[in-house]
Protein chains: 2
Amino acid sequence: MQVANSPQKWLYFFDEGVSDKKLLGGKGAGLCEMTSLGLPIPQGFVITTEVCEEFYRNGQKLPTGLMDTVLAAMSSLELRTGKKFGNPEKPLLVSVRSGAPVSMPGMMDTILNLGLNDSVTEGLATLTGNRRFAYDTYRRFIQLFGKIVLGVDEDEFAKLLDGEKRRRNAKQDSDLDADSVRRVSESYKELLRRENKPLPQDPAIQLELAIEAVFRSWMGKRAIEYRRQYRIAPEQARGTAVTIVSMVFGNMGDDSATGVLFTRDPSTGVRGLYGDYLTNAQGEDVVAGVRTPKPIADMQGEFPRAYETLEQVSQKLESHYREPQDIEFTVERGALYLLQTRAAKMGPMGAIRAVVDMVHEGLISKEEAILRTSPEQLEQLLHPRVDPSHKEIPIATGVPASPGAASGKVVFDADTAVEWTKKGEKVILVREETKPEDVHGFFAAEGVLTSRGGKTSHAAVVARGIGKPCIVGCSALTIYQQSRLLRVGGATITQGDTITIDGSSGSVYPGVVPLLQPELKEEVFELLAWADEVKTLGVWANADTPEMASKARKMGAEGIGLARTERMFNSEERLPIVVSMIMASTEEERRYYLDKLRPLQKQDFKRILREMHGLPVIIRLLDPPLHEFLPRLEDMLEQVEKLQQHGDEKQLVQAKRMLDKARALSEANPMLGHRGVRLGLTHPEIYEMQIAAVMEATAELVKEGVDVKPKIMTPQVALHQEVKLLREQFEKVRLLIETRENVKLDVKFGTMVETVRAALDADEIAKYAEFFSFGTNDLSQATFSFSREDAEAKFLPFYLEKGILSDNPFETIDEKGVGRLIKMAVESGRATRPDLEVGICGEHGGDPRSIYLCHRAGLNYVSASAFRIPVARLAAARVALLDRAGN
Amino acid sequence: MQVANSPQKWLYFFDEGVSDKKLLGGKGAGLCEMTSLGLPIPQGFVITTEVCEEFYRNGQKLPTGLMDTVLAAMSSLELRTGKKFGNPEKPLLVSVRSGAPVSMPGMMDTILNLGLNDSVTEGLATLTGNRRFAYDTYRRFIQLFGKIVLGVDEDEFAKLLDGEKRRRNAKQDSDLDADSVRRVSESYKELLRRENKPLPQDPAIQLELAIEAVFRSWMGKRAIEYRRQYRIAPEQARGTAVTIVSMVFGNMGDDSATGVLFTRDPSTGVRGLYGDYLTNAQGEDVVAGVRTPKPIADMQGEFPRAYETLEQVSQKLESHYREPQDIEFTVERGALYLLQTRAAKMGPMGAIRAVVDMVHEGLISKEEAILRTSPEQLEQLLHPRVDPSHKEIPIATGVPASPGAASGKVVFDADTAVEWTKKGEKVILVREETKPEDVHGFFAAEGVLTSRGGKTSHAAVVARGIGKPCIVGCSALTIYQQSRLLRVGGATITQGDTITIDGSSGSVYPGVVPLLQPELKEEVFELLAWADEVKTLGVWANADTPEMASKARKMGAEGIGLARTERMFNSEERLPIVVSMIMASTEEERRYYLDKLRPLQKQDFKRILREMHGLPVIIRLLDPPLHEFLPRLEDMLEQVEKLQQHGDEKQLVQAKRMLDKARALSEANPMLGHRGVRLGLTHPEIYEMQIAAVMEATAELVKEGVDVKPKIMTPQVALHQEVKLLREQFEKVRLLIETRENVKLDVKFGTMVETVRAALDADEIAKYAEFFSFGTNDLSQATFSFSREDAEAKFLPFYLEKGILSDNPFETIDEKGVGRLIKMAVESGRATRPDLEVGICGEHGGDPRSIYLCHRAGLNYVSASAFRIPVARLAAARVALLDRAGN
């Protein structure tokens, strides 16, 4: 890219080799650039943004002498095209286009076909042998010029056109014949005269007025509002350039055509021309859909030269822009012209395949491939989605609120959702909007669809929280709650009818639509392998079973950051032992049951450790309070009641005993209660069993020659004294088993940092803990004093909707509060123990923005659920690259 | 005080004018100082702590030449006393005493009556005409010397004495005659010979060995443990000095006496000699209680000269030490000697009266008076306590764990406590130790008494938490739980017997003992007025009613820091309206009931504001979640059950509706749920009503000419956006009522800072809040992730006992975590709004150490419950003085 040297120069031809976006605007610079590449671009020139600035400095007047320069340029254009501006015999028509340094699509004005007047139109008719085409073009020009330049109300033109159509009994514009079209153009001119703004017949005057109008549109309402909305600072976008391009026509006969193509298939990413075209047509006709376009391959027969050129052009443009392109072209009498090229909008798999291929083709670097792939794109591949090869037409589209697709029978309330699900049905919960009392329906349903609300509505927040597909604000639906039916378009859907929803796109389909189950193609793994080369943050997985560990390893996990031992307590054959342990009234009795659990836990640990051989595995000691392992209080009350009426004595006594225990253990705020390390310290025999089981598992595997890297971590720590006491217990058990088994046990000891107090006590805690793992779910709950389950059901949606919170802090780490605590803890922990290993486990570990924060806070790894690992690897690589570049 | 110049000097006579505590130890320096004051002190000298250091450097050997110097000093002592060391005709006896720079009472050894041998004892007998006295003194000397210097087992001496008593049929030592006592002394000597450690007959050798023994006791087990416990650093206490004092005897006839006196009455503080004495007796006899001592006033007749001297001495010592003194004295043949003086241990009221009087007497400054009064002393006056004029003898004494005294019938389990209380009985819960399942008994009982546990046991922590008197670790009690009785000494107390416990002293009394209700004497208010002059921290009160406000104002509150509006919702006539409001299904319906509440709230606010005219009143908007106003879920379940069996249809429908509502509102962790500002924002009509009620109350009072300073504050804030929205609502309501009432409303708007997130967002929050009030109870819960009620019942006692926590963070602000958050919030809040007013409300506001922290964090005020205001005023003054002095 070259930069203009002379600030005095008012305009540049496309072929002057200048392509300064700031000076020429995006569109102007693009056309110059393509011209420089030797591509077939219509002739033209750009009036600079500096002129626009001058225009506003001058009180909205063009600089003196500008029009002389422009008209001289027009003469030059006449020479270059062999056409003449205002000459009926070989008329030069131009488009006058806006284009600012910062893209503002549709916000400013453009005038096409400028240069037409009565005589030129007649000439065009003769020249093309197509009178209707000539007058239709004239009519369109008058309308556009009248509206934009002369400020005449658009509706007035529409009325005149409708009148003619009524008189001629024409249904569509295309039903009007040449004379009718001419009459319309006459009536338009008459309209302008009546408004005292006659159409200038002098093309030079047309041009001057059009240039002024484009400059004025820079300060139009829409443009100002757009810049305010997107926070485009004045210094970023100093004004608009004006690009003047000679018109080319794809409708000059059967040797002309127009079309659109992609340089790679947007859904698969496979390289090759992909698109449609129409012979003897203009761009508008393609859009209008009157005629069915032909596949681009057909051009090989019909326009072999143009096709060949298109192939070359595609390659050239991709080489130049190093992105798949979306190209508009016109063939005018056999000659190919490119009207526009831009980055192609690719589907998620297409985008990834394209960047991977482009690396192999040498077009881009691996780093660029990573930076071009958004975690959101990758995320879409991780959920079921509608098969793009099945071209179903949605019956409605709403706001995509929670990704993934699902089919099911429509139900209109949560209770029915639960009821039908119990009977084995799959259901989609459909409501106008949801409320806290509907939450049980979310758990039952495959997905949720509402006719109201936005991305932060209750339905959206809750569905994302539990990972179900969800569409909200689907306003095309009218729901008749009482009648259990909904209407959409002309159709009626009643309870029990099947629909499919795609929470990634917002589309609602009737019936069952084939879904693609998430499956990662080879190219994704290739991209992720490159990501691994650049990322510095480790990506580990949360996994409680060997099966999950295996899956995580396949997804690229470099370790297990969280293996929850309570899940192992909860399995069917163990729960009775756990309950007996809880019901025990003495430590001895508790130990009796714990001794039964110990070999089971040892087997759990052996299997996970073996699965993850060579990689670290962090096993977390028991976290939840004991009452969570007992039946619900309300159920127990009911059972006692029942037994009292007609049960046997012994059962009643037992049930009452358990009820008493549950009451004694019950807590006002269990999240902040007697759990985690607090339970571990007051009931040391429980953690002792778990630590011993890990040590024994390790000893046995070491003897088998398996390379294991076990780590034990304690939850809910608030105080370094807690960690100190546990560390002592840990070392005692290690020594015991090392001695007994005669083997060295390299097991690390660390702690969760999930209370605020622990984050503030990190310097002392690091004396006893070899690693930290941030539990950002609990830490966020404590920092905000929000109980997540209560908050998401009751007030978080309202908070997000009102903008009180910009993000759900349980999805994306709150930087100001929680982020600050994390940074403080990392710094003070490492001040004590420079090699302190620090990670994060919990859902935030799979959230891209949270991963950026973790990288920047200097964490060693993030740990996420297995299916989010690809996203995490990509995000970790991106932040490493961004920070390397100093952004 | 003078400091010694020559470090080589090994010893100092009392009258050398040197009183360097570091060099001479506390006791030695004291005797030197009193000698300097011209008081009648026995002659003596001090061997310095430097010699002790030398002794240890030397491998526990006295420095060469020391004994020569000591013996030369003994010769000088002989000259001064006219007695001779080892001379039977006018024997000089001495005591050899330990005494380190830092007081370590009872931790090191002292030997009395040194200088006795066989012939000197005979001489003493002749001289005093009291053979029994002489041999008894000899016996005691041999025993003490044998044990301390020669290391002979104490029990061996006791056996010999017991043997003689058995043979003579003597019950007590005093029943033995002179011959018997002589025989015992002979048997003691024989014992030493048998052990091959005969008593040296040469007093010089006795002296050398005794000096070594005292030095050795510096490194005795007890002394080392004491220094470790009290964290006395080696550089603070380099060793012990040895003080050698010539013995004086109060038992040399009827012209001799011994006694103890206070210079002011320790319980009332009234100035004047206060104490007892015995004629012809030794100190031990007073302690033994064999003879009933006479009141000190009787000395006016019996020993007029000595009494007059004592009066002068008292005044001199008070002038010198500027503290009430506790003086031991002996009259030997008419001559008065002071043996010791020390700061008198005063009762709480005595101490305060004394310092106030001493300010009036010009002895100390007001600042000193404040610094000498501990908040704990003042605190004792704020609880009921045992009337000190009733000289009841406790049947047992335990660890004072929670202040205040109470009488009640003994019960041995929590259920009985609840049952009996329902019948109108007052009970004291007595147990070996308490557990979480006993907590309901704490609420029922007047007080709690346990036979086990320390200050951090479950019973202690829970009782302090709810403010009930409690004694723990009263090991003299043997509790027979099954039999519902306890034994103490010889007595038996059964369930239903009345006892009185004094949680401030740890004393347990049988029956009902008269209690003094807390009543603050004039002197206390005088002291507090001085405190107000120096403190910079405001002391406000938490008060929800006009009555509480009035009480707080009398206690010296300078404002109301917390008026909870939910308490106003809870009163009997309003709760039905509140419940109807909660049950409302639309906002309109809610508003209907809120409109009914509004005039009631307005009256509440008017009454409090009027009561506090001229002073600020902070009214907090509704805090608890709505479900707290509904009946308990379990009760509702029961009612529905009952109605289903035999109730009328309409009632059943209503009950079910309420149950459904309660279920919908129920939360997993209500502390972190839908409450405070979260409720205020989602249900804006509630806060709107409350704000309007405050504004209307203000408008009406302003029109009446009352000077009011209302402030409104919002609870549970986590985000500045919450505060921004509420501020907007506040201003809207203010404008509305200002316009309607045509009066300017100076109402301030502020926020609680009781979530961690708010503390970290303080810079932004301060843009919208004019003041902060730290809610340290909730902030501590969130910081630790401890639910207070669960923690105090379940694991906090364990944590305190094990030293995992050194203080209960709900009683004293945790400096490292919560204190740091407070400091951060104050700094960043003031960075935004330099005049931001910052205070603290909640129980910590009445805790002295928390008040120190608040002062140092730069808070403007603390707000405490009315009855803790005196303590807060004193603490605020103390910290201001301490910090002024640069400590």
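**Figure 1. The area buried between chain A and chain B of the predicted model**. Together, the two chains bury about 4,800 Å², with 58% of this on carbon and sulfur atoms; buried area is the accessible area (1.4 Å probe) that two parts lose on being put together, summed over both. Leu672(A), Lys794(A) and Lys816(A) supply 14% of the area that chain A buries against chain B, more than any other three residues. In contact (heavy atoms within 4.5 Å) are 54 residues of chain A and 54 residues of chain B.

**Figure 2. Salt bridges and polar contacts between chain A and chain B**. There are 6 salt bridges between the chains, each a side-chain nitrogen of Lys or Arg within 4 Å of a carboxyl oxygen of Asp or Glu. One of them joins the side chains of Asp763(A) and Lys816(B), at 2.7 Å from N to O. Helix α34 (residues 815–832) of chain A gives the largest share of the side of chain A that touches chain B, 5 residues; helices are DSSP runs (H or I, at least four residues), numbered from the N terminus.

**Figure 3. The surroundings of Thr35(B)**. Thr35(B) belongs to helix α1 (residues 21–36) of chain B. Not counting residues up to four places away in sequence, Thr35(B) touches Phe14(B), Asp15(B) and Ile41(B). The C-alpha atoms of Thr35(B) and Glu16(B) are separated by 8.9 Å, although these residues are 19 residues apart along the chain.

Residues are numbered from 1 along each chain as its sequence is written, and chains are lettered from A in the order in which they are written. Local features need pLDDT of at least 70, side-chain atom pairs count only at pLDDT 80 or more, and totals for chains, interfaces and linings use all residues, while side-chain values use heavy atoms, without hydrogens and water.

Technical notes
Polar contact = N/O pair within 3.5 Å; in protein donor to acceptor, adjacent residues only side chain to side chain. Helix = DSSP H or I, 4+ residues; strand = E, 2+ residues; numbered from the N terminus.
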